[in-house]
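Hi,

Here is the structure I promised to pass on. Have a look at it first, and my notes follow below.

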Amino acid sequence: MSVLEQNFPVVQKKLSVDLKGNKTDIIICSYDDHFLVIATQIGTMGTILHARKDADISVHPTFSVSVIFGKRDEPMLVACARQLIEHISSGTSQPLVLSLGLKDHSAETLKGIVSAVTENRLW
């Protein structure tokens, strides 16, 4: 179930999905200068990543993803951020701040998060 809230000054969507038996709460916020996505299975923010599309120098776009806070040894979290910024960059050039507080870091869980966010996009 997805809820779009526009009363708050920031346009946001809240939803909950079941990923491999774990209730996953997702909040998607669209600010003027970036997107914020929080996905949590533990009730708090987890690893925080920043992702952006690099300046268009060539035909093939490149993307930068960095861990701001949290687990730096989890390549699947970086892959999740990269997939989301690739989807976002097709509609806008705004960067992404992503928080992943997950019990399960499997590819299946992260694909479920990417799918849920892109289905409920705000870009």
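Let me start with S64, which is partly exposed, with a relative accessible area of 23% (buried means under 20% relative accessible area, exposed over 50%, partly exposed in between, with a 1.4 Å probe and protein chains only). Before I go on, the ground rules: this is a predicted model, so local features need pLDDT of at least 70 and side-chain atom pairs count only at pLDDT 80 or more, while totals for chains, interfaces and linings use all residues. Residues are numbered from 1 along each chain as its sequence is written, and side-chain values use heavy atoms, with hydrogens and water left out.

Back to S64, which sits in strand β6 (residues 63–69). Helices (H or I, at least four residues) and strands (E, at least two) are DSSP runs, numbered from the N terminus. Leaving aside neighbours within four places in sequence, S64 is in contact (heavy atoms within 4.5 Å) with H50, A51, R52 and D54. With A51, the C-alpha atoms are separated by 5.6 Å, for residues 13 apart along the chain. With D54, the side chains are joined by a polar contact of 2.7 Å. By polar contact I mean a pair of N or O atoms within 3.5 Å; within protein, one must be able to donate a hydrogen and the other to accept it, and residues adjacent in sequence count only if both atoms are side-chain atoms.

Strand β2 gave me two residues to look at. S16 is found there and is partly exposed, at a relative accessible area of 35%. The side chain of S16 makes a polar contact of 2.5 Å with the side chain of D25. S16 and A39 are 23 residues apart along the chain, with 9.2 Å between their C-alpha atoms.

Next, the loop between β2 (11–19) and β3 (22–30), where you will find K20. K20 is not a glycine, yet has a positive phi of about 55°. At 46% relative accessibility, K20 counts as partly exposed.

K20 also turns up among the contacts of D104: leaving aside neighbours within four places in sequence, D104 is in contact with K20, N22, Q41 and T109. D104 lies in the loop between β7 (96–101) and α2. Is D104 buried or exposed? It counts as buried, at 15% relative accessibility. The side chain of D104 has a polar contact with the side chain of T109 at 2.4 Å, and another with the side chain of S106 at 3.1 Å.

Now the helices. Two packed helices are described by the angle between their axes and the distance between the axes. Here, the axes of α1 (residues 75–89) and α2 (residues 107–119) come within 10 Å and cross at roughly 20°. That makes α1 roughly parallel to α2. Axes are lines fitted to C-alpha atoms, for helices over the stretch in contact, and angles run from 0 to 180 degrees between N-to-C directions; under 35 degrees counts as roughly parallel, over 145 as roughly antiparallel, 65 to 115 as roughly perpendicular and the rest as oblique.

Which residues meet in α1 and α2? From α1 come M76, L77, C80, Q83, L84 and H87, and from α2 come A107, L110, I113, V114, V117 and T118. The residues of this contact divide into 9 nonpolar, 3 polar and no charged (Ala, Val, Leu, Ile, Met, Phe, Trp, Tyr, Cys and Pro count as nonpolar, Asp, Glu, Lys and Arg as charged, and the others, Gly among them, as polar).

Q94, in the loop between α1 and β7, is buried, with a relative accessible area of 18%. The side chain of Q94 reaches the backbone oxygen of D32 at 2.8 Å. R121 is in the segment after α2 and is partly exposed at 40% relative accessible area. A polar atom of the R121 side chain lies 2.9 Å from the backbone oxygen of T118.

Cheers
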